[in-house]
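Colleague: I am new to this structure and would like to learn how to read it. Could we start with charged pairs?

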Amino acid sequence: MSDTLVLLDHATDGSLRAPVRELVTIARDLPGAVRGVWVADGAEPSPATIAELGVLGVTHVHRLVADGDLHVAAALAAGLATLLAETGAHLVLAVSTFENKEAAGHLAVASGAAVVTDVDSVVWSDERLVAGKTVFAGTWTTSTAVRTPLAVITVKPNSVPVTDAPEPVTPQVGDHAVALDAGVGRVRLVERTEQPASDRPDLTSAHVVVVGGRGTEGDFSSVEELADVLGGAVGATRVATDEGWIGHEAQIGQTGVTISPRLYIGAGVSGAVHHRGGMQASGTIVAVNSDPDAPIFEIADFGVVGDLRTVLPQAAAELRRLKG
Amino acid sequence: MRWKVAAVRRTEPFAPASVADGNVPGVRIVVCVKHVPDIQSDRSLGATCRTVRDGGDGTLNELDENALEAALSLVEAAGEGEVVVLTVGPDDAVDAVRKGLQMGADEAVHVVDDAIAGSDAIGTARVLAAAIRHLGGADLVVTGMAGLDGLTSVVPSALAALLDVPALPLAAELVLDGSTVRVTRHLDRVTEVLEADLPALVSVTDQANEPRYPNFKGIMAARKKPVTTLALADLGLDADQVGEAGARTEVLEAAPRPVREDRVLVHDTGDAGVRLAAYLVENQLV
């Protein structure tokens, strides 16, 4: 089996998005070398980033350079198709984001690749790629084999613990110009606004997420306090975002952000099935709700029937005390 | 309603579908919908690792209601045009397009063929693309953001690629201005405005609008609207291009996840916060 291309999602300052490290960890256990793909979108990999990729075992960093906007999914897919052909790689691994899944759809049509999205494992078994994923709001687990020579697979954040390569390498950095055909240019990117960086970790890749729901009645202060003590991100239910208590980008659920942190804490969250679809794969689930019949208690590892306005601050104070 | 619809100003036809048709001067929109197991029901995968779709708990994918609402709003704002609702699936799936007719779509198309069973996302997109071509094309194809069964969300971009039209996915706002379609979409950390000339494909999110409920008049009118049934042969597709035979992936195993054990439920008597903190420390979660 030949090499794997790992799409190196990065921030505007050139630092890697955290889940990329998981992709490299997964790719290293597959046959062939691990090659990184850096979309040259203005942000460049710093020497520290290149060094980090070397420690992770990435042998090549391919800078994709195009005369069009590679943030358009069809353009990114065209770039990846070019690289697959040039490097002879047989697999593209990308973080499960909406943009990457869009590109996966285009790439599948352009290259004949199989697509598997939102997986939590990829292994090489009996001479083929096998991906594991949970479906139906995390209630079923499946394993899916790839039947084609090429594949594009997107992996959910927090799927595997990150490890370094046994031996660090020095990645070779090279440019690859992508010629975009006229069709790709039909989508015009009129405006792109990056939201300012928050002090809290990204929702999708955070190890701890504290989520506020209807029970907060719009007061997220105790949710934020507990999140900050735990170094976690703040999420919300659809009700909370629809009420305007917090931005829509914080919505966890089947139509919002899908998260699978090590620790999920739901405060005033009822646990409607739409919400569960976006969080049920979390490691440990804690729920605080005043309604003992709330469905979230059916899936909670640790449930508290009580008022979040007293329970959360008390937990935060105790954690601060224990930390000293 | 957050839906924004600009006046549709069309001075000349721009897609072959409408030109050939002649009777429909407005925009022609095909909405792709899916019949899925109700997410409130106990969903399962059967012996062949396929979704159990005959449990009687099937429904129009909720997210496709947003797609229908978007299409209907555009045509209403323009004062002319037509909405065709299209689905691919087993016999029961006709319920999904009937719901679309009740909401106000003008006609319905149901592609049903035993050979389609077991299709992956690309196979499904291939059937949809062939059906849209068979129908004479469209000025605009609208889909929901995902199916609430597989949640793959790959079909819209694959379908656009197969139809060779620009894709504007995940629209939270949608404007049709003459022959230009413009969407605003909110992604993780980024807001984008994309535009393209028709013909194009748009997928809309559940933030885009509040789907209407079919009223009595709509339900009665739907009974008189046509539902066309097509098979693979009608679309010029071979059985080995779709379904399990044409799938690029194969589900090897499927199993329900075990129920979590050692679960704790505490009724707060004044120290639940302290006990929560202790639980997190004991389980090395802090």
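Modeller: A salt bridge here is a side-chain nitrogen of Lys or Arg within 4 Å of a carboxyl oxygen of Asp or Glu. Side chains of opposite charge can pair when their charged atoms come close. This is a predicted model, in which local features need pLDDT of at least 70 and side-chain atom pairs count only at pLDDT 80 or more, while totals for chains, interfaces and linings use all residues; side-chain values use heavy atoms, with hydrogens and water left out. Residues are numbered from 1 along each chain as its sequence is written, and chains are lettered from A and ligands numbered from 1 in the order in which they are written.

Colleague: What is the distance between the closest N and O atoms of D197(B) and R188(A)?

Modeller: They are 3.2 Å apart, and the two residues form a salt bridge. D197(B) lies in strand β10 (residues 190–197) of chain B and R188(A) in strand β11 (residues 188–194) of chain A, so this pair joins two chains. Strands (E, at least two residues) and helices (H or I, at least four) are DSSP runs, numbered from the N terminus.

Colleague: Is E192(B) buried or exposed?

Modeller: Buried means under 20% relative accessible area, exposed over 50%, and partly exposed in between, with a 1.4 Å probe and protein chains only. E192(B) has a relative accessible area of 1%, so it is buried. Its salt-bridge partner R192(A), with closest N and O atoms 2.4 Å apart, is partly exposed at 26%.

Colleague: Which pair lies within chain B?

Modeller: R182(B) and E195(B) form one such salt bridge, at 2.9 Å between the closest N and O atoms. R182(B) is in strand β9 (residues 180–187) and E195(B) in strand β10, so the pair ties together parts 13 residues apart in sequence.

Colleague: What is the area buried between chain B and chain A?

Modeller: The size of an interface is often given as the accessible area lost when the parts come together. Buried area is that loss (1.4 Å probe), summed over both parts. Here it is about 7300 Å², and carbon and sulfur atoms give 55% of it.

Notes:
Buried area = accessible area lost by both parts, 1.4 Å probe.
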